[in-house]
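Thanks for coming. I have one structure to go through, so please look at it on the screen while I talk.

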Amino acid sequence: VWNNQQLTYGELNEKANKLANYLQKRGVKPDDIIGVSLERSLEMIVGILGVLKAGGAYLPLDPNYPAERLQHMTADAGVSLLVTQESLR
(Lines give C-alpha, C1' and ligand atoms only; values in the text may rest on other atoms or scores of the structure.)
Protein backbone atom coordinates (compact mmCIF):
# COMPACT_ATOMS: atom_id res chain seq x y z
CA VAL A 1 0.00 0.00 0.00
CA TRP A 2 1.26 3.46 -0.91
CA ASN A 3 -0.90 6.53 -0.37
CA ASN A 4 -4.19 5.65 -2.09
CA GLN A 5 -2.69 2.88 -4.23
CA GLN A 6 -2.35 -0.79 -3.47
CA LEU A 7 -1.14 -3.94 -5.16
CA THR A 8 -1.66 -7.56 -4.23
CA TYR A 9 1.41 -9.78 -4.13
CA GLY A 10 0.17 -11.37 -7.36
CA GLU A 11 -0.12 -7.99 -9.09
CA LEU A 12 3.31 -6.95 -7.83
CA ASN A 13 4.82 -10.20 -9.09
CA GLU A 14 3.12 -9.84 -12.49
CA LYS A 15 4.34 -6.26 -12.97
CA ALA A 16 7.88 -7.13 -11.82
CA ASN A 17 7.99 -10.12 -14.18
CA LYS A 18 6.84 -7.93 -17.07
CA LEU A 19 9.62 -5.42 -16.37
CA ALA A 20 12.18 -8.22 -15.94
CA ASN A 21 11.24 -9.71 -19.32
CA TYR A 22 11.50 -6.27 -20.94
CA LEU A 23 14.93 -5.69 -19.39
CA GLN A 24 16.17 -9.09 -20.54
CA LYS A 25 14.97 -8.33 -24.07
CA ARG A 26 16.97 -5.08 -23.84
CA GLY A 27 20.06 -7.18 -23.15
CA VAL A 28 20.33 -7.12 -19.35
CA LYS A 29 22.56 -9.95 -18.23
CA PRO A 30 23.35 -11.24 -14.74
CA ASP A 31 25.21 -8.70 -12.64
CA ASP A 32 24.61 -5.78 -15.04
CA ILE A 33 24.13 -2.60 -13.04
CA ILE A 34 20.80 -0.93 -13.73
CA GLY A 35 20.04 2.54 -12.43
CA VAL A 36 16.66 2.98 -10.75
CA SER A 37 15.54 6.60 -10.57
CA LEU A 38 11.91 6.66 -9.47
CA GLU A 39 9.87 8.70 -7.04
CA ARG A 40 8.94 6.78 -3.90
CA SER A 41 5.92 4.81 -5.05
CA LEU A 42 4.66 1.35 -5.86
CA GLU A 43 6.43 1.74 -9.21
CA MET A 44 9.74 2.02 -7.35
CA ILE A 45 9.17 -1.37 -5.72
CA VAL A 46 8.18 -2.85 -9.09
CA GLY A 47 11.33 -1.35 -10.62
CA ILE A 48 13.66 -2.77 -8.00
CA LEU A 49 12.08 -6.23 -8.11
CA GLY A 50 12.05 -6.21 -11.90
CA VAL A 51 15.77 -5.47 -12.06
CA LEU A 52 16.53 -8.23 -9.55
CA LYS A 53 14.32 -10.75 -11.38
CA ALA A 54 16.14 -9.90 -14.63
CA GLY A 55 19.40 -10.86 -12.89
CA GLY A 56 20.72 -7.33 -12.65
CA ALA A 57 21.94 -5.32 -9.71
CA TYR A 58 20.19 -2.04 -9.06
CA LEU A 59 21.75 1.30 -8.24
CA PRO A 60 19.25 3.56 -6.43
CA LEU A 61 19.38 7.07 -7.87
CA ASP A 62 17.46 9.67 -5.87
CA PRO A 63 15.80 12.01 -8.38
CA ASN A 64 16.31 14.87 -5.89
CA TYR A 65 20.10 14.65 -6.18
CA PRO A 66 21.85 17.25 -8.34
CA ALA A 67 22.29 16.18 -11.99
CA GLU A 68 26.08 16.25 -11.65
CA ARG A 69 25.95 13.81 -8.73
CA LEU A 70 23.66 11.42 -10.63
CA GLN A 71 25.94 11.56 -13.69
CA HIS A 72 28.98 10.77 -11.55
CA MET A 73 27.21 7.87 -9.80
CA THR A 74 26.04 6.28 -13.07
CA ALA A 75 29.43 6.68 -14.76
CA ASP A 76 31.34 5.38 -11.73
CA ALA A 77 29.09 2.32 -11.36
CA GLY A 78 29.02 1.54 -15.08
CA VAL A 79 25.24 1.69 -15.34
CA SER A 80 24.11 -0.03 -18.55
CA LEU A 81 20.42 0.94 -18.43
CA LEU A 82 18.18 3.28 -16.48
CA VAL A 83 14.67 2.58 -15.16
CA THR A 84 12.86 5.87 -14.60
CA GLN A 85 9.60 7.72 -15.02
CA GLU A 86 8.81 9.92 -17.99
CA SER A 87 8.49 12.92 -15.68
CA LEU A 88 12.09 12.43 -14.49
CA ARG A 89 13.74 11.93 -17.88
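I will take the sheet, then the core, then one serine.

This is a predicted model, where local features need pLDDT of at least 70, side-chain atom pairs count only at pLDDT 80 or more, and totals for chains, interfaces and linings use all residues. Residues are numbered from 1 along each chain as its sequence is written, and side-chain values use heavy atoms, with hydrogens and water left out.

Three strands make an open sheet with parallel pairing, in the order β2-β1-β3. Strands here are DSSP E runs of at least two residues, helices H or I runs of at least four, numbered from the N terminus; two strands pair if DSSP finds at least two bridges between them. β2 (57-60) and β3 are the edge strands, each pairing on one side only. Four parallel bridges join β1 and β3, and G35 sits opposite L82 in β3.

Next, the core. The largest nonpolar core has 13 residues, and L23, V28, I34, V51 and V83 have the most contacts inside it. Such a core is a set of buried Ala, Val, Leu, Ile, Met, Phe, Trp, Tyr and Cys residues joined through side-chain atoms within 4.5 Å; buried means under 20% relative accessible area, with a 1.4 Å probe and protein chains only. At least two core residues come from each of α1 (9-25), β1 (33-37), α2 (42-53) and β3 (81-84).

Last, S37, in strand β1. Is S37 buried or exposed? S37 counts as buried because its relative accessibility is 8%. A polar atom of its side chain lies 3.4 Å from the backbone oxygen of L61.

Conventions
Buried < 20%, exposed > 50% of the residue type's maximum accessible area, 1.4 Å probe, protein only. Polar contact = N/O pair within 3.5 Å; in protein donor to acceptor, adjacent residues only side chain to side chain.
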